[in-house]
Amino acid sequence: MKGAEKAVPAISTDDFIKGLWRENPVFVQVLGMCPVLAVSNSAINALAMGLATSFVLVLSNTLVSLLRHGVPRQVRIATFILIIASFVTVVDYLIQAVSLELHRALGAFISLIVVNCLILGRAEAFASKQSVSRSFLDGLGMGLGFTLALLCLGAVREILGSGALFGVALFPAGFQPWTVMILPSGGFFTLGLWLLFFNYLRVRKPAVREAVPGGTP
Amino acid sequence: MRTTIRVDVSPSSASWPMYRALVGVGVLCGLLIVSVYLLTQPVIARNEAHALQQAVLEVLPGAVVSASFALTAEGGFRRAGDGDDPQRLVHAAYTSRGQLVGVAIEGRAMGYQDVIRILYGYAPQRQRVVGMRVLASRETPGLGDRIEKDPDFLANFTALDVTVTADGLSIEHPVQAVKQGAKSAPWEIDGISGATISSAAVAGILRASTAQWIPLVYRGRAVFVRSGAVNEGG
Amino acid sequence: MSGESLWSIFLNASLVNNFVLAYFLGICPFLGVSGKLATATRMGAAVCFVMLVSSLCAYGIHRLLVAIEAPYLQLIAYIVVIASTVQLVEMFIRKMSPALFRALGIFLPLITTNCAILGLALFQTNKGYTLVQSLVYALGAGAGFTLALVLMAGIREKLELAAVPDAVQGTALTLMIAGILSLAFMGFAGLGA
């Protein structure tokens, strides 16, 4: 990490770390729900979607930050949308070139990255005000946090719904998969349960601290 | 986009940076998209052609090479070129020695959840459907999606009778779906109990598609056979 | 494909493949605006309206892009044109009918960049629908969205006074209910066949 100019806050690893857990886009900020629910029916789809979103997030954050002095605030949102839509189109073609099968599995949801509130949100709230390196780190952190959350969902749904993880069967032949988990309703249930788990942790933490005086959180 | 737009006191001087920003970003994005499009397009086209070829060879066992044909306005067939309507294409497949194995035809219709697309192989010499593959479906996992992998169901399509009538205009015995295990004639399709609607939908697609295409392909079969011989010579 | 009957397209978009409960499109307003029944109804009406407008736009853009052979501009053109058209319509309504604007207008900016709207545009293009089919599809999708939203709001109003554990409150509970609704909607599958 190199030192920053005086007026600008220094780059810190926190820009990267906060997206992973404390401000996790899915579990804490509850942003970008549509792709999270729609393509998390298997771990590999979830991973691909997460990486595609991260790619767009990092590049759009970087470009928005680069252009932040040249864009008047009246047309700010319009340029953000232009930039994001271009990167999404690029990702769409790249995925098609790499694997047609993956592109079919993700379908229109690749294009729908463009309306993921997470990306516009980061561009507006962070990248349009911060230095390029900080915005890059922020995008990377948020993107990874998003990918991680998608993987959490995708893994649970694939293990229970198909008895496999990344296509590798985990259970002996007698296992009856819970088909409902890979159906749409399974997506709602799994995400609901994950949020419940995080809520539980949050509700419980202060209670523990009160019970053990002087205990570290 | 719930941003409050502050009205500038001097609009004429303030509008120039806005135009500059919008046009600049637009040009940048345009360049980016077009260059990526030009770079990836050949690869994507190759992937698509490869995927189609794989599917065609799978429904026509014994074939190693395929060629696409387009239906002409007169009801005949010619070699397909760029820009032909994909819904009017069929794909002939040949052995390594240029002999015609059969013709692969695509069909689609509404299934239980969403549209099902299938590709089936037709052997004009034997007048049989010799293979079927589901290209796209969103049927219920574990139930409806058995149309894609249930071996008993797929066995229906290894020798399905689609003999053309003497006048060459229709099929003698239209394809018919029956209950699981009740198949008694070579033009009947054994359904899957537990996936009744999905398997009936596949039978329905075949029934409609064979009625429309098989007489045309059968009458035009000479074109496909000749093309194979030309390929061999070249 | 273009042979699909209009009734089957409508059923498919509204019930069998409900945008919210089967495609997960428009989850944000679904979670956000489903607290009160009255608000949910008006939001649903606004979405129906925007869907029709954007379906019309998307059809026009698609034809234009095919004509000038520029498929790579599809996404940008859709989002920019739909967003601006909705803004224009909003201004028009505000001018012409203040009463209607008060009922629907405040939702319009919220809806513009909603994934259900863009999703509709992309799906109708992928499916290769004609103009009439596209409009019926948009109407069905809007009706399905409204239905899901109203059902959800009804359930949440009832639940307001119920005693639930702290951890379950909020989004987690709403998602669970959505899961059950989605299961119920699976019963509609097969209607379009």
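Start with the hairpin in chain B: select strands S5(B) and S6(B), and you will see that 4 residues lie between them. In that turn, click on B:Gln127, which has a positive phi of about 55°. What you see is a predicted model, in which local features need pLDDT of at least 70 and side-chain atom pairs count only at pLDDT 80 or more, while totals for chains, interfaces and linings use all residues. To find your way, note that residues are numbered from 1 along each chain as its sequence is written, that chains are lettered from A and ligands numbered from 1 in the order in which they are written, and that side-chain values use heavy atoms, with hydrogens and water left out.

**Stop 1: the strands of chain B**

Colour residues 115–123 of chain B for S5 and residues 128–136 of chain B for S6; these strands pair in the antiparallel sense over 7 bridges. Helices (H or I, at least four residues) and strands (E, at least two) are DSSP runs, numbered from the N terminus, and two strands pair if DSSP finds at least two bridges between them. Which residue of S6(B) is the bridge partner of B:Tyr122? Select B:Val129, and you have that partner.

**Stop 2: salt bridges**

Side chains of opposite charge can pair when their charged atoms come close. The rule for a salt bridge is a side-chain nitrogen of Lys or Arg within 4 Å of a carboxyl oxygen of Asp or Glu, and over all chains the count comes to 10.

Show the side chains of B:Arg128 and B:Asp161, which meet in a salt bridge at 3.4 Å, N to O. B:Arg128 belongs to strand S6 of chain B and B:Asp161 to strand S7 of chain B, so this pair ties together parts that are 33 residues apart in sequence. Are these two residues buried or exposed? B:Asp161 counts as buried at 9% relative accessibility, while B:Arg128 is partly exposed, with a relative accessible area of 23%. (Buried means under 20% relative accessible area, exposed over 50%, and partly exposed in between, with a 1.4 Å probe and protein chains only.)

Next, select B:Asp150 and B:Arg146, another salt bridge, with the closest N and O atoms 3.5 Å apart. B:Asp150 is buried at 14%, and B:Arg146 is partly exposed at 25%. Then jump to chain A, where salt bridges that share partners join A:Lys18, A:Arg122 and A:Asp138 into one network.

**Stop 3: where chains A and C meet**

Show chains A and C together. The contact (heavy atoms within 4.5 Å) takes 33 residues from chain A and 36 residues from chain C. The two chains bury about 2,900 Å² between them, 85% of it on carbon and sulfur atoms. Buried area is the accessible area (1.4 Å probe) that two parts lose on being put together, summed over both.

Highlight A:Cys34, A:Val115 and A:Phe188: they supply 22% of the area that chain A buries against chain C, more than any other three residues. How many salt bridges does the rule find across this interface? It finds 0 between chain A and chain C.
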